[in-house]
Amino acid sequence: MRVAIAGAGNVGRSIAQELIDNGHQVLLIERNPDMLHHDRVPGADWILADACEVASLEDADLAGYDVMVAATGDDKVNLVVSLLAKTEFSVPRVVARVNRAENEWLFTEQWGVDVAVSKPRVMAALVEEAVTVGDLVRLMTFRQGEANLVEITLPTDAPHVGHAVHTVPLPRDCALVAIVRGKRVLAPGPDDPLEPGDELVFVCTTDVEDEVRAVVLGADSVERTRRGE
């Protein structure tokens with residue numbers, strides 16, 4: 001993929017290096033000349049420009065990129081970059097960093113954001129994922145499609161433990177995309193059995209989350225969750 005990243009701070013550089021290591025072409029856009037440390041990500045292309053200006057993005061040929069990442073430390077900048085990338089340059093995928101949790105509600109498809117990444121939310125999700133068994137944990141929201149990445153760790157008494165994946169009657173708008181079992185990540189096949197302690201990772205819409213919880217954890221799990229049990 002061709003990926004443009006607005007913001008060459010620690011976050012932007014870390015994303016760039018990870019993508020380069022995975023074989024992608026990366027362009028870092030930075031408006032502060034003091035932040036142009038080419039030697040820190042030598043595999044990236046760099047330009048000194050303001051990503052909030054249409055002319056700068058035209059010079060960068062943003063329309064030819066597959067993904068735009070708004071990774072600056074300023075939420076206002078990230079929103080403007082996202083909106084320009086989507087509406088002016090039709091970038092297929094826009095990922096935006098949310099710096100302040102109270103601004104997260106702004107990072108929607110109306111601002112051109114496909115995926116909003118909030119560090120407080122990600123950290124909270126990772127904490128929940130590490131300690132929560134028998135409940136649904138939302139890991140990430142994909143704004144464009146109103147879908148979520150969610151995780152459920154199976155307790156020993158879950159109704160489908162020991163059953164094959166194809167016997168689990170998941171609702172529409174939900175897909176089981178991975179099973180994390182110990183140190184292994186499994187692509188679930190229809191005949192794979194579910195085991196206690198399996199971490200099931202789903203992509204589903206918000207509307208069906210309660211149905212997924214009820215199917216995987218039992219019909220009374222939704223009410224128990226609401227009571228805080």
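A pocket here is an open set of points on a 1 Å grid over the protein atoms alone, where a 1.4 Å probe fits, with protein on both sides within 12 Å along at least five of seven lines; lining residues have an atom within 4 Å of a point. The model is predicted: local features need pLDDT of at least 70 and side-chain atom pairs count only at pLDDT 80 or more, while totals for chains, interfaces and linings use all residues. Residues are numbered from 1 along each chain as its sequence is written, and side-chain values use heavy atoms, without hydrogens and water.

Select the lining of this pocket, which includes Ala 6, Glu 30, Asp 50 and Thr 72.

Next, go to the largest pocket, with a volume of about 290 Å³. Of its 14 lining residues, select Ile 15, Val 95, Ala 96, Arg 97 and Val 117, the closest to its centre. Then colour α1 (10-21), β4 (67-70), β5 (93-98), β6 (115-118) and β7 (136-142), each giving two or more residues to the lining. Helices (H or I, at least four residues) and strands (E, at least two) are DSSP runs, numbered from the N terminus. The largest share, 4 residues, comes from β5.

Last, select Gly 189, in the loop between β10 (184-186) and β11 (199-205). Gly 189 is buried, at 17% relative accessible area (buried means under 20%, with a 1.4 Å probe and protein chains only).

Key:
Buried means under 20% relative accessible area, exposed over 50%, partly exposed in between (1.4 Å probe, protein chains only). Grid points are joined across faces, edges and corners, and a volume is the space filled by probe spheres set on the points.
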